[in-house]
Amino acid sequence: MANLKNRLPVLLLTGAALLALGACATLQQGPSGNARVPEPAKTVELDRYLGRWYELARYEQGFQKDCEAVTADYSLRDDGLIRVVNTCHEGDVNGPVKRAEARAKVVADSGNAKLKVSFFGPFYVGNYWVLDHADDYSWAIVGEGSGRYLWLLSREAEPSAALRERLWSRTEELGYDLSMLRVTKH
């Protein structure tokens with residue numbers, strides 16, 4: 001009984017922390033741009049998806065407010081997880097650099113198209129779905145199940161007008177509200 005008394009504060013604190021993290025993870029920011037988010041359209045070959053992506057547009061979120069020249073770099077870690085490094089320039093394409101590093105793991109039976117992401121500690125609370133991508137991996141549409149998050153990515157900071165049009169068109173076909181997109185400057 002004395003052992004339980006000694007451990008009770010730790011157990012209560014751990015339980016409270018887990019509840020708080022769960023509440024934070026379920027809080028939704030901003031409106032949904034797609035009430036019926038589709039499942040990813042195709043599987044993802046991780047070795048082809050890895051590398052640098054340039055954000056062309058996004059649904060604005062507080063953690064990316066005023067970010068320009070946004071890139072995301074994906075690489076395979078020694079432990080089999082994926083290293084994610086997001087970089088942006090605050091306020092302007094030449095503004096101060098802000099970086100966030102995370103790790104991601106593939107969700108089982110998702111064809112490598114769904115990842116769980118952790119930016120802190122052992123908790124994988126972020127959802128990252130590659131909703132669609134070009135066969136040659138020149139563009140990708142990334143979101144998650146609530147429809148509140150969306151990123152349009154390209155391998156080039158300034159892709160051709162045809163590629164940009166294809167990406168916007170495919171995003172609309174998936175049911176997303178294009179009027180909510182914030183175009184990223186590079």
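Tutor: One definition to start with: a residue counts as buried under 20% relative accessible area, as exposed over 50%, and as partly exposed in between. Keep in mind that this is a predicted model.

Student: Okay. What percentage of the residues of the protein count as buried?

Tutor: Of its 186 residues, 39% count as buried. As for the parts list, the protein has three helices and nine strands, and along the sequence they follow the pattern α-α-β-β-β-β-β-β-β-β-α-β.

Student: Let's take a helix. Which residues of α3 are buried?

Tutor: L163, L167, W168, R170 and T171 are the buried ones in α3. Looking down the axis of α3, these buried residues fall within an arc of 165 degrees, so they line one face of the helix. On the other side of α3, A161, A162, E165 and E173 are exposed.

Student: And what covers the buried residues of α3?

Tutor: The cover includes strands β1 (51-59), β6 (126-133), β7 (139-143), β8 (150-154) and β9 (181-183).

Student: What span does α3 reach, and what would be expected?

Tutor: α3 covers residues 161-173, 13 residues in all, and reaches 18 Å from first C-alpha to last, close to the 18 Å expected at 1.5 Å a residue. Just after α3 comes G175, with a positive phi of about 100 degrees.

Student: In which sense do β6 and β7 run, and how many bridges join them?

Tutor: They run antiparallel, joined by four bridges. As landmarks, W129 has G143 in β7 as its bridge partner, and D132 stands opposite I141 in β7. The two strands make a hairpin with five residues between them, and Y137 in the turn has a positive phi of about 60 degrees.

Student: What happens between β7 and β8?

Tutor: β7 and β8 pair in the antiparallel sense, over five bridges. W139 has S154 in β8 as its bridge partner. This hairpin has six residues between the strands, and G147 takes a positive phi near 80 degrees.

Student: And how many bridges pair β5 with β6?

Tutor: Four, again in the antiparallel sense. K114 has W129 in β6 as its bridge partner.

Student: Which residues is Y128 in contact with?

Tutor: Leaving aside neighbours within four places in sequence, Y128 is in contact with Y49, Y74, A113, K114, L115, V117, V142, G143 and L153.

Student: I see several tyrosines there. How do I read aromatic pairs?

Tutor: Look at two numbers: ring centres must lie within 6.5 Å, and planes under 30 degrees apart count as stacked, over 60 as edge-to-face, the rest as tilted. The count here comes to six aromatic pairs. The ring centres of Y49 and Y74 are 5.5 Å apart with planes at 50 degrees, so that pair is tilted. Y49 sits in helix α2 (residues 46-49) and Y74 in strand β2, so the pair ties together parts 25 residues apart in sequence. Both Y49 and Y74 are buried.

Student: Which pair is stacked?

Tutor: Y149 and W151 form a stacked pair, with 6.0 Å centre to centre and 20 degrees between the planes. Y149 is buried, with a relative accessible area of 15%, and W151 is buried with 15% as well.

Student: Which residues do ring pairs link into a cluster?

Tutor: Y49, W53, Y74 and Y128.

Student: Last one: what share of the contacts joins residues at least 24 apart?

Tutor: Among contacts between residues at least 6 apart in sequence, 53% join residues at least 24 apart.

Terms used. Residues numbered from 1 in each chain as written. Predicted model: local features only at pLDDT ≥ 70, side-chain atom pairs only at ≥ 80, totals over all residues. Heavy atoms only, no water. Expected span 1.5 Å × (residues − 1). Buried < 20%, exposed > 50% of the residue type's maximum accessible area, 1.4 Å probe, protein only. Arc of directions from axis to C-beta. Contact = heavy atoms within 4.5 Å. Pairing = 2+ DSSP bridges.
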